[in-house]
Number of protein chains: 2
Amino acid sequence: MANDKPRRPRAEPPKGFRDYFGAEVTERKAMLDAIAGVYHRYGFDPLETSAVETVEALGKFLPDVDRPNEGVFAWQEDEADWLALRYDLTAPLARVAAQYRNDLPSPYRRYAMGPVWRNEKPGPGRFRQFYQCDADTVGSGSVAADAEICAMLADALEVVGIPRGDYVVKVNNRKVLNGVMEVAGLAGDDKEAERGIVLRAIDKIDRLGPDGVRALLGEGRKDESGDFTKGAGLNDAQAQVVLDFVHATAADNEGTILKLMALVSGSEIGQQGVHELQEIASLLAAQGYGPDRIVIDPGVVRGLGYYTGPVYEAELTFQITDEKGRPRNFGSVAGGGRYDGLVKRFTGQDVPATGVSIGVDRLLAALQAKGRSRADTAGPVVVTVMDRDRMADYMAMVGDLRQAGIRAEVYLGNPKNFGNQLKYADKRQSPIAIIQGGNEAAEGKVILKDLILGAKIAESATLEEWKDRPAQVEVPRADLVAAVRKMLGQ
Amino acid sequence: MANDKPRRPRAEPPKGFRDYFGAEVTERKAMLDAIAGVYHRYGFDPLETSAVETVEALGKFLPDVDRPNEGVFAWQEDEADWLALRYDLTAPLARVAAQYRNDLPSPYRRYAMGPVWRNEKPGPGRFRQFYQCDADTVGSGSVAADAEICAMLADALEVVGIPRGDYVVKVNNRKVLNGVMEVAGLAGDDKEAERGIVLRAIDKIDRLGPDGVRALLGEGRKDESGDFTKGAGLNDAQAQVVLDFVHATAADNEGTILKLMALVSGSEIGQQGVHELQEIASLLAAQGYGPDRIVIDPGVVRGLGYYTGPVYEAELTFQITDEKGRPRNFGSVAGGGRYDGLVKRFTGQDVPATGVSIGVDRLLAALQAKGRSRADTAGPVVVTVMDRDRMADYMAMVGDLRQAGIRAEVYLGNPKNFGNQLKYADKRQSPIAIIQGGNEAAEGKVILKDLILGAKIAESATLEEWKDRPAQVEVPRADLVAAVRKMLGQ
């Protein structure tokens, strides 16, 4: 509004952010609604915290040892607190659980859905704002809470359209991992770096295979590009303990548990961990969640440093074609575990907690890859404008249609060029265009143009099959709603 | 996790931010879903932009002349752009409309819902993050677009539970206001400050009455606290033009239009504005939206400086009791208007646009004040744990209930003290507690305790009326689901 001409602002979002249009919004919403329905049935209550927290409450850094350089979006208030956008939904939950510890039911089951922000370098398909969809139980040390989350995760995947057989929930236990570390001689504070390397090596078993992992457990590994990754420096006997652990998966959960028990027989914490896995498997079996849905899998590590007990991960088992045309497993869409230390940061008291986070965008991509997305994306019936002076008549038509629950709109652009109106209807994926010129108005009639049928006729080589199906009908104005319903097949 | 003891972080959100629990979340969601249904039926498509925009794209300041000190939350990227949290949903729409102008249908009807952020001093009931729920039509200069938004606003209010008669959509036109300014001798760039004071004075007619407004139009006004607000310095004749305008409301829309037409007969822009109002009223009447729902009201100003044509506001007409026990009108819950300049910032081309923003939190407060909030807030059936070793049995019970679509959970706290379990069920607003001790298990039975009935019995002075209604029943385990359904009245 200033009279001088400033440089025009660029019409684009910040790097790493994007916009979501139409079906992209409604498909995600339909998925979140379905998952919320499952969480609700399991007794979880919704919690919505604000996007902004104090940096102090969040903790200054992401607790992800794999990505220590990831940051948050933060700024300082005028001579006051540093504030930041939340980077996940767990840190705000820890703050809430501490703040309201005298008011909330205990245990407290809560779910939360919404965007989180990461101040990291954006890349293809990697955005700085994305959705998470979490469920956590705070205040229960029982592994029944972990088992419940695993069952709920399986239910959630099925309710959004991933059929049984196309997913598996894998369960492991950090205590077993700790036991394996003890047996391999990697206990103690001075071995933290080595343990980190071992955990990351295990996490890469699917990609690198046993030889690659063995190299990382030993001196290190040179990858195809020539880059060298330093190893944990384990000797052969130590490395073998870890590899035996990774390969402890047996034909069934009982078999896996027996192998694990043998492996960690020298470690008290390890034995406790195996017993917990056993209990989780038996609790799930009692509810009918067999190994077709939930399996014990020693290969699951989960990156976050704060896990202290059971960890779990949902993996989609079907293959998709990657950008180079090669088939590959879709992989993980959700993960979580037990973290008993997060609330303690605030209160000094141990508060056991366990929970899962569903990667909303990855799960949505999976559904789209399988053609199972189910949002209603039908365009509106478009009432065209033949005579600008009779806008009231056209608006009365859309009014009648909307009243009847039919999605409808009147063309609001410049009506001079009728072709533009039909192009608009096409862009809107409109099923029907309504037309009423002066002649029709005088006769009290309207024309309905079946745009879907019209498009099919236009595509079809022979008109034979269409000749008995008129793409256009004329009906009395009073029959507009009924005729539209009929054409829509309602 | 460090060994030294740092100061513990405070467990609280930043000042001016808050958390929403349980029904607060689901009630808002139910309201937004209902409004989205109306927007969808009107042919509006959802758009979700990210919370973060460049400061450049947002514009550095809120365009609200009434609150020039309001700011945004902003920070600078490492040696790069300044980024900020969006302060409304209109600025991001303008950016999107410019960025995708070749791809979007034109006119483009879009709706958006989500939080926005204001870096302003928080106060009681005044938060720095709150929801907006907008619908806008970009690319149509026709007042049919404005009329449509007014009709849609009325429908949206009814669908969330505000019955006809409890609300009114008031419509005015900035062009009429401009015409009044011309007639009152306030045209021209050098009179911008005076025009601002006049607009703000008109906006306060409900609160200050004609005398207060007259004072503000003249030399100024001292309020009860003794604070002096400088006036626009109009002479009596000028002030009378403005006051006649404010009081131009007649018994019906036709009467109001006649009065307005007489008032602005000396102004071309003013006459154009009155004709637009006339057309809006006639388009709405043709769809059956009479003055019981939508009225022309010269008192509507709307604060935002960027409006260029019709402006509208939804007001709830019922009274509530304020914190001091006095009855007062609930007031405005939504507003909007035509703004033809926003997209031009980016492209240099005029793009007409009109839209509305619903104040989600105020509307929710209104529904709660009227007891019309409708979210499902029923607590879960709680399966208690009498025997820790039979957790698998209890989990199988909740599994059966959930499978049947019944919200249910097993008690996951320490089961030692049974009283705590019933207290927990009470806090969860649980309708039924399920109990199975060793004896019941041996007999293959379960006990259902009707907690709602139990609470009523506890409240009741005489037990007479309850004696035939047992608050507790014992049924075979196999009948659990059916017995729960019966007790829930399903």
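How far apart do the C-alpha centres of domain 2 of chain A and domain 3 of chain A lie? They lie 60 Å apart.

This is a predicted model, in which local features need pLDDT of at least 70 and side-chain atom pairs count only at pLDDT 80 or more, while totals for chains, interfaces and linings use all residues. Residues are numbered from 1 along each chain as its sequence is written, chains are lettered from A and ligands numbered from 1 in the order in which they are written, and side-chain values use heavy atoms, with hydrogens and water left out.

**Domains of chain A**

Select residues 14-141 + 340-377 for domain 1, 159-330 for domain 2 and 381-487 for domain 3. These bounds come from an automatic or database domain assignment.

Next, colour the strands in the order 11(A)-8(A)-12(A)-13(A)-14(A)-7(A)-6(A)-2(A)-1(B), which make an open sheet with mixed pairing. Strands (E, at least two residues) and helices (H or I, at least four) are DSSP runs, numbered from the N terminus; two strands pair if DSSP finds at least two bridges between them. At the edges stand strand 11 (294-296) of chain A and strand 1 (20-21) of chain B; each has a single partner strand, so one side of each lacks a neighbour in the sheet.

Select 310-321 and 327-338 of chain A: strands 12 and 13 run antiparallel and are joined by nine bridges. Val311(A) has Gly337(A) as its bridge partner in strand 13.

Helix 12 (residues 360-369) of chain A lies across strands 7, 12, 13 and 14 of chain A, at about 145° to strand 13. Such angles run from 0 to 180 degrees between N-to-C directions, with axes fitted to C-alpha atoms, for helices over the stretch in contact.

**The five-strand sheet of chain B**

Move to chain B, where five strands in the order 16-15-17-18-19 form an open sheet with mixed pairing. The twist averages 25° from one strand to the next. Strand 17 (residues 432-435) and strand 18 (residues 445-450) of chain B pair in the antiparallel sense over four bridges; Ile432(B) has Asp450(B) as its bridge partner. Helix 16 (residues 451-459) of chain B lies across both strands, at about 50° to strand 18.

**Ala471(A)**

Finally, select Ala471(A), in the loop between helix 16 (451-459) and strand 19 (472-476) of chain A. Ala471(A) is partly exposed, with a relative accessible area of 23% (buried is under 20%, exposed over 50%, partly exposed in between; 1.4 Å probe, protein chains only). Beyond its neighbours within four places in sequence, Ala471(A) is in contact with residues including Leu448(A), Leu453(A) and Ile457(A) (contact means heavy atoms within 4.5 Å).
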